[in-house]
Amino acid sequence: VPSLVHHTKRQMMSIYCYWYSLYTRTWLGYLFYRQQLRRARNRYPKGHSKTQPRLFNGVKVLPIPVLSDNYSYLIIDTQAQLAVAVDPSDPRAVQASIEKEGVTLVAILCTHKHWDHSGGNRDLSRRHRDCRVYGSPQDGIPYLTHPLCHQDVVSVGRLQIRALATPGHTQGHLVYLLDGEPYKGPSCLFSGDLLFLSGCGRTFEGNAETMLSSLDTVLGLGDDTLLWPGHEYAEENLGFAGVVEPENLARERKMQWVQRQRLERKSTCPSTLGEERSYNPFLRTHCLALQEALGPGPGPTGDDDCSRAQLLEELRRLKDMHKSK
């Protein structure tokens, strides 16, 4: 029986890898994205969630709800009236926000190649001729014009935005950190599919060690950093967090707030990295209680990072099972 189980798992993984390859490497993935776009526009003509911009001393962050649960963002220097778009998957929705704000789009920051994050690159870069498209050269970003490496900085007016390499979800995944110092406000992390409120992305093009290293990159940022994720997954993620840490009071308080927000279809972003450290299980693999409940114990050489990676892998497996119920 164990050999049959392993054989079935291998078969499922082979099918899964086949479909992922079709989505990312063939025109079928683009057709699927276009179908998603049409359905979401029909179902949510005003967006899947009600969002509120944040304004900090001449810098505005505007979340734009797109597709069925994605977020794109405009980062605006309000004095220069210049804008940067992050992951503009629906070019119509992003363009509408650009026109409403009366700003000039000068850059697109793409976290990764998946169509639900990069699908608007073509239309927007054609419409705004001087717009630069940034992203990782390792990731096959559509219409990429300006490749970025780890720690590269994009400057637009007062905006100083640093790219951080965070592979795992895809090989070239980047997150973008808006430095708060120039405008004397909190820094802002645009995390794509690396990190969500109480969750993290699936590891499509890496392993648990790769993803752990990327999450640790984020853990090194300040507690007051605002987290602007790529998806509205908060309620589902906090539900799973309650399964693995049922006595976590910070999670319980956040869940109550999120449920009130979602009853009115209000967005749940941003959270802060300080909050995430208190209830996001994927950032808590160093916590003894979680290790004792789920962990396999130290690695064969006593390597703590090995143990944490194994725990992260187990959390991901349990999360995928939780979602399928």
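Two strands count as paired if DSSP finds at least two bridges between them. Hello everyone, let's keep that rule in hand and start with one such pair. Strands β8 and β9 run antiparallel and are joined by 4 bridges. One example to look for on the screen is Ser155, whose bridge partner in β9 is Gln160. Please remember as we go that this is a predicted model.

Now let's step back to the sheet around that pair. It is an open sheet of 6 strands, in the order β8-β9-β10-β11-β14-β15, and its pairing is mixed. At its edges stand β8, residues 153-156, and β15, residues 271-272; each has a single partner strand, so one side of each has no neighbour in the sheet.

On one side, β9, residues 159-165, pairs with β10 in the antiparallel sense through 5 bridges. In that pairing, Ala165 has Leu174 of β10 as its bridge partner. There is also a link from β10 to β11, residues 188-190, made of 3 bridges and again antiparallel. Here you can find Tyr176 bridged to Phe190 in β11.

So which residues cover the two faces of β10? A bit of background first: in a regular strand, side chains alternate between the two faces of the sheet. In β10, Leu174, Tyr176 and Leu178 are on one side, Val175 and Leu177 are on the other, and all of them are buried. That is 5 of the 5 residues in strand β10, residues 174-178, so the strand is largely enclosed by the rest of the structure.

On to the other sheet. This one is open too, with 7 strands in the order β1-β2-β3-β4-β5-β6-β7 and mixed pairing. The edge strands are β1, at 54-56, and β7, at 146-147, and each of these pairs on one side only. Helix α3, residues 91-101, packs on this sheet and touches β2 (59-66), β3 (70-77), β4 (82-86) and β5. The direction of α3 makes about 145° with that of β2. For a parallel example, look at β5, residues 104-109, and β6, residues 132-135, which are joined by 3 bridges. Leu109 has its bridge partner, Tyr134, in β6.

Ser89 sits in the loop between β4 and α3. Is Ser89 buried or exposed? Its relative accessibility is 0%, so Ser89 counts as buried. Leaving out residues up to four places away in sequence, Ser89 touches a list of partners that includes Tyr33, Leu37, Trp115, Asp116 and His117.

The second one is Leu124, in helix α5, residues 121-127. Leu124 is buried as well, with a relative accessible area of 1%. Beyond its neighbours within four places in sequence, Leu124 is in contact with Pro88, Pro91, Val94, Gln95, Leu105 and Ile108. Try the distance to Arg92 too: Leu124 and Arg92 are 32 residues apart in sequence, and 8.8 Å apart in space, C-alpha to C-alpha.

Now for some backbone details. Most residues other than glycine have a negative phi, and most peptide bonds are trans. Which value does phi take at Tyr143? It is near 60°, a positive value in a residue other than glycine. Tyr143 is in the loop between β6 and β7, and at 43% relative accessibility Tyr143 counts as partly exposed. Lys184 also has a positive phi, near 55°. Lys184 belongs to the loop between β10 and β11, and its relative accessibility of 60% makes Lys184 exposed. As for peptide bonds, the one joining Cys269 and Pro270 is cis, with omega about 10°. You will find Pro270 in the loop between α8 (249-263) and β15.

Finally, a word from the records. An unreviewed UniProt entry annotates residues 69-231 as "domain: Metallo-beta-lactamase". In the model, the end C-alpha atoms of residues 69-231 lie 5 Å apart, and the span is 21% helix and 31% strand.

How values were computed
Residues are numbered from 1 along each chain as its sequence is written. This is a predicted model: local features need pLDDT of at least 70, side-chain atom pairs count only at pLDDT 80 or more; totals for chains, interfaces and linings use all residues. Side-chain values use heavy atoms; hydrogens and water are left out. Buried means under 20% relative accessible area, exposed over 50%, partly exposed in between (1.4 Å probe, protein chains only). Contact means heavy atoms within 4.5 Å. Axes are lines fitted to C-alpha atoms, for helices over the stretch in contact, and angles run from 0 to 180 degrees between N-to-C directions. UniProt positions are given in the numbering used here, feature names are shortened, and annotations may be inferred rather than shown by experiment.
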